[in-house]
Amino acid sequence: MKDRLLKNRLGYFLLFMVSILYIGCYYPCFYNQFLLSEGFIGPKNCIFLSVIWAFFLFVFRKNKKICYPSPRFNKALVCLFFYLLFRVLFFNEESSISYINTIFVSWLLVFLNINTFTEKEYMGSLSKLLILMFISTLVGIALFLIFGGLPILGDIEISVEGHHILNFGFFFIKFGETWNMELIRPSGWFDEPGSFANVVLFFLIYNRLKVQSRKFELILLIGGCLSLSMAYFIIVVLYILFFMMRKKDIGKLLLIIGVLSIFYISKPQEGLLYNIWDYSFGRLERILEGDDGSRDYNYAFKALERYYLTGQNDEIIKKEFEGITTETFWFALANHGVIGIFFYYMPFILVLLNIIKRGKDKKDEILLLILLGVNLLQRPVYLFPLYMLLIYYIWFDNERMSSGVKNPVRAN
């Protein structure tokens with residue numbers, strides 16, 4: 001490749017693997033714990049890996065010029081840093097200290113990435129890794145159906161007392177100490193199926209904005225459904241309506257709605273079809289009824305009613321509303337308040353302002369932000385290195401600053 005930053009493929013492979021291990025030191029990735037050790041997580045290990053990364057980069061990199069992340073990206077992280085520092089000083093919030101560490105680790109990840117790989121080759125490699133997850137998931141499902149289960153290949157203890165993560169291979173993991181032989185939803189390299197689906201959504205957005213591959217789009221739409229994530233099913237429906245639906249397709253849409261309606265009404269009583277029904281329609285019913293422990297919007301809304309203006313320390317909210325669901329947008333609003341939430345989502349605010357400023361060819365970008373916003377309703381936390389790297393490549397890598405160069409250079 002003419003624009004390759006590294007001298008050879010060996011250098012690319014080694015540094016790509018280091019980058020994957022670096023990302024794996026933070027949620028939502030759990031593969032480091034299975035591959036290396038239970039303790040190979042957190043900022044200390046990221047610093048250790050960054051030293052190794054910098055050494056290999058010095059050996060294998062052709063161009064010695066240093067590039068820095070986009071100025072807009074830097075501004076977003078600076079705003080986030082001071083906002084979170086404010087929360088530490090005035091709310092005594094420990095989670096904000098953790099997120100400040102995450103900001104530093106994320107910036108370092110982006111900095112090392114853009115000085116090591118071109119956007120095209122790195123995101124291309126991540127895309128191939130994602131496809132590998134889909135293929136492995138299909139193999140795992142086939143083995144599950146043939147043998148009636150999968151053997152436990154690994155067991156690690158997590159910080160929550162009495163909880164473990166069981167590794168069944170083929171990108172299937174499960175929280176708990178035992179397995180009751182029901183269908184295990186695939187999680188990819190991540191902690192749970194919802195995170196898997198969340199990453200697929202980021203790749204859908206990236207493909208739509210930058211790659212525009214119809215084939216990869218279909219692979220993502222279908223592959224993400226393997227997670228059996230109800231939130232992802234909603235995203236897929238909206239994505240099809242936004243970008244793929246034509247007047248001539250109305251008949252097909254009605255047919256699909258009809259088949260899904262029959263499936264919902266029939267409600268299988270056992271086996272694989274029951275598991276699929278329960279993870280999709282059953283999950284939606286429990287959420288609407290307020291009986292889903294992981295997404296109780298009604299209880300979280302009570303916290304929002306109390307702290308909607310100023311926000312509150314997340315630990316105080318958890319004590320006052322014992323058992324509250326943290327993975328909802330209502331909790332995020334109660335935590336940050338209606339003013340603080342704008343600072344918390346500063347990267348997306350800057351993206352929106354940039355789209356409005358350009359004033360043209362913005363329909364797809366606005367719709368994709370709406371899709372992301374819908375997903376944030378049930379997965380509001382995004383301050384993790386993997387997500388920040390994907391956010392950077394999707395929205396901020398259209399300009400990079402090189403040392404000694406006054407004008408921005410195009411990333412691809």
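Is Glu315 buried, partly exposed or exposed? I looked up Glu315 and found a relative accessible area of 41%, so it counts as partly exposed. I keep in mind that this is a predicted model.

**Entry: helix 13.** I stayed with Glu315 and checked its partner. The side chains of Glu315 and Lys318 meet in a salt bridge, at 3.5 Å from N to O. I placed both residues in helix 13, which covers residues 314–320. They sit 3 residues apart, about one turn of the helix. Lys318 has 32% relative accessibility, so I noted it as partly exposed.

**Entry: a buried pair.** Next I looked up Arg87 and Glu93. Their side chains form a salt bridge, with 2.6 Å from N to O. Arg87 is buried at 1% relative accessibility. Glu93 is buried too, with a relative accessible area of 1%. I noted the general point that side chains of opposite charge can pair when their charged atoms come close.

Entry: I then turned to Glu217. Glu217 makes a salt bridge with Arg208, and their closest N and O atoms are 3.3 Å apart. Glu217 is buried, with a relative accessible area of 3%. Arg208 is partly exposed at 21%; the cut-off for buried is under 20%. I found that a network of salt bridges links Arg208, Arg214, Glu217 and Asp364.

**Entry: the whole chain.** I ended with the totals. The structure holds 9 salt bridges. I counted 17 helices and 5 strands in the chain. Of its 412 residues, 51% count as buried. The accessible surface comes to about 20500 Å², and 66% of that belongs to carbon and sulfur atoms.

Technical notes
Residues numbered from 1 in each chain as written. Predicted model: local features only at pLDDT ≥ 70, side-chain atom pairs only at ≥ 80, totals over all residues. Heavy atoms only, no water. Helix = DSSP H or I, 4+ residues; strand = E, 2+ residues; numbered from the N terminus. Buried < 20%, exposed > 50% of the residue type's maximum accessible area, 1.4 Å probe, protein only. Areas by Shrake-Rupley, 256 points an atom, 1.4 Å probe, with all protein chains shown as cover. Salt bridge = Lys/Arg side-chain N within 4 Å of Asp/Glu carboxyl O.
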